[in-house]
Amino acid sequence: MMRGLLGCVAILTLAAPMPQSSFDLHARYGQPDVQRFAIRPDITMTVEYGDDHRACILEIEPRQAFIRGRLAEMKTISKEETLRLLDEVAPPEIRGAEKVPLFSNDIETGSQCMGHGTFGQYANANISLSYIVCDPPAGRLTTGVDGARVQFTRPACESLTKWNGN
Amino acid sequence: MLAAVTPQTSDEYYARYGKPDAERYVVRPDLVLAVEYGADGAACKMRIESRQSLMYSMAIRTNPTASVDEIMQALNEVVPPETRGEDLGPGKIFGQLAGAPPPEEYENVTIIQEFGGGAKDMKLSSVAVLFKRPDCQSLPKYSDPDWFKSLKPHSQSQVQR
């Protein structure tokens, strides 16, 4: 009877869905090439690593589903908070000498509440921000940043360019 | 001096921000497995698709590199058929998927095939797996209107057709 019971437990164990944790997947596939961290309660940072296992791309966004398409929810982070976070994860010492300052250029990318983009260029990294500006009757209003990206320019990051999805 | 304390590796980010809530693994040279974890630390959502760097995340994939066989092989590896539970048949969907199969419902997971590629040559571009554990309930499910809102443009156009 005991043997039968153990058999049933074994069958149930085999049939149960295998919970896949980070530990399980790491053991099977090695280090992840991308990870996402909650850097504030409602803000995430997605990191893509280079061949040297150091960060090559950092994407700061309002928290939303990781597994989704390109149509993100319309959430934003204040410009001030975004700049604070950029200084936290890619401080000037890491970016290197400034070549093109952020907000010295601006590209309109949408209509009505306009999507805008700007980029900064530094010795070791490029930073791009996309943000939204609305035109209410009272005047222009920057509603917030919907995404910020830091792209490091180390040689170890060059191999990522081949993964263009095509 | 400051450069030394700014995190730049996985361990350093972990030390500062805690466990990642999502990760991506290279499961074949040109194929990745994206995973979003639930509050219990186990996978709640997965997507298997051709590898694409974040630097191209806004680009439309016109020719996914991974083959259907590779994608299905990886699916069976990470979610073996015997772990899916009873096959409950096709799931309900919002709108019409022109020619695309509906999601397949199992006792423990929902499996959604996603199609992409050129307009003339639609092919399987990715497979999403949604786990039905209680700890995953707070994450969006495919049956939420939000799921289709968040699908890729190709899948969206199929829905609208």
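In the predicted model, B:D21 forms a salt bridge with A:R36, and the closest N and O atoms of the pair lie 2.8 Å apart. This pair crosses between chains, running from the loop between α2 (10–17) and β1 (22–28) of chain B, where B:D21 is found, to strand β1 (residues 34–40) of chain A, which holds A:R36. Both B:D21 and A:R36 are buried. For B:D21 the relative accessible area is 16%, and this residue is classed as buried because the value falls under the 20% limit.

A salt bridge also joins the side chains of B:D21 and A:R63, with a distance of 2.9 Å from N to O. Here too the pair crosses between chains, since A:R63 belongs to the loop between β3 and α3 (79–89) of chain A, while B:D21 sits in the loop between α2 and β1 of chain B. A:R63 has a relative accessibility of 29% and therefore counts as partly exposed, a class that lies between the limits of 20% and 50%. Salt bridges link A:R36, A:R63, B:D21, B:E36 and B:K45 in a network. As a general point, side chains of opposite charge can pair when their charged atoms come close.

Over all chains, the structure holds 18 salt bridges. One of them is formed within chain A by A:R149 and A:E59, whose closest N and O atoms are 2.6 Å apart. A:R149 lies in strand β8 (residues 141–152) and A:E59 in strand β3 (residues 55–62) of chain A, so this pair ties together parts that are 90 residues apart in sequence. Both A:R149 and A:E59 are buried.

Nonpolar residues were examined next. In soluble globular proteins, nonpolar side chains tend to be buried together. The largest nonpolar core of the model has 34 residues, of which A:M45, A:L58, A:I60, A:F152 and B:Y13 touch the most other members. Two or more residues of this core are given by each of β1, β2 (43–49), β3, α3, β7 (125–134) and β8 of chain A, and likewise by α2 of chain B. When neighbours within four places in sequence are left aside, the contacts of A:I60 include A:I39, A:I43, A:M45, A:I77, A:L85, A:L86 and A:V89, and A:T44, A:G147 and A:A148 are also among them. Another core, of 27 residues, lies apart from the largest one, and B:L33, B:A43, B:M46 and B:C136 are among its members.

The side chain of B:S53 is joined to that of A:E48 by a polar contact of 2.9 Å. Beyond its neighbours within four places in sequence, B:S53 is in contact with A:E48, A:I57, A:L160 and A:W163. With a relative accessible area of 1%, B:S53 is buried.

Chain B as a whole contains 5 helices and 7 strands, which follow one another along the sequence in the pattern α-α-β-β-β-α-β-β-β-β-α-α. Of the 161 residues in chain B, 53% are buried. Among the contacts in chain B with a separation of 6 or more, 47% are between residues 24 or more positions apart. The accessible surface of chain B comes to about 7500 Å², and carbon and sulfur atoms account for 56% of this surface.

Technical notes. Residues numbered from 1 in each chain as written. Chains lettered and ligands numbered in written order. Predicted model: local features only at pLDDT ≥ 70, side-chain atom pairs only at ≥ 80, totals over all residues. Heavy atoms only, no water. Buried < 20%, exposed > 50% of the residue type's maximum accessible area, 1.4 Å probe, protein only. Polar contact = N/O pair within 3.5 Å; in protein donor to acceptor, adjacent residues only side chain to side chain. Contact = heavy atoms within 4.5 Å. Helix = DSSP H or I, 4+ residues; strand = E, 2+ residues; numbered from the N terminus. Areas by Shrake-Rupley, 256 points an atom, 1.4 Å probe, with all protein chains shown as cover. Salt bridge = Lys/Arg side-chain N within 4 Å of Asp/Glu carboxyl O. Core = buried A, V, L, I, M, F, W, Y, C linked by side-chain atoms within 4.5 Å.
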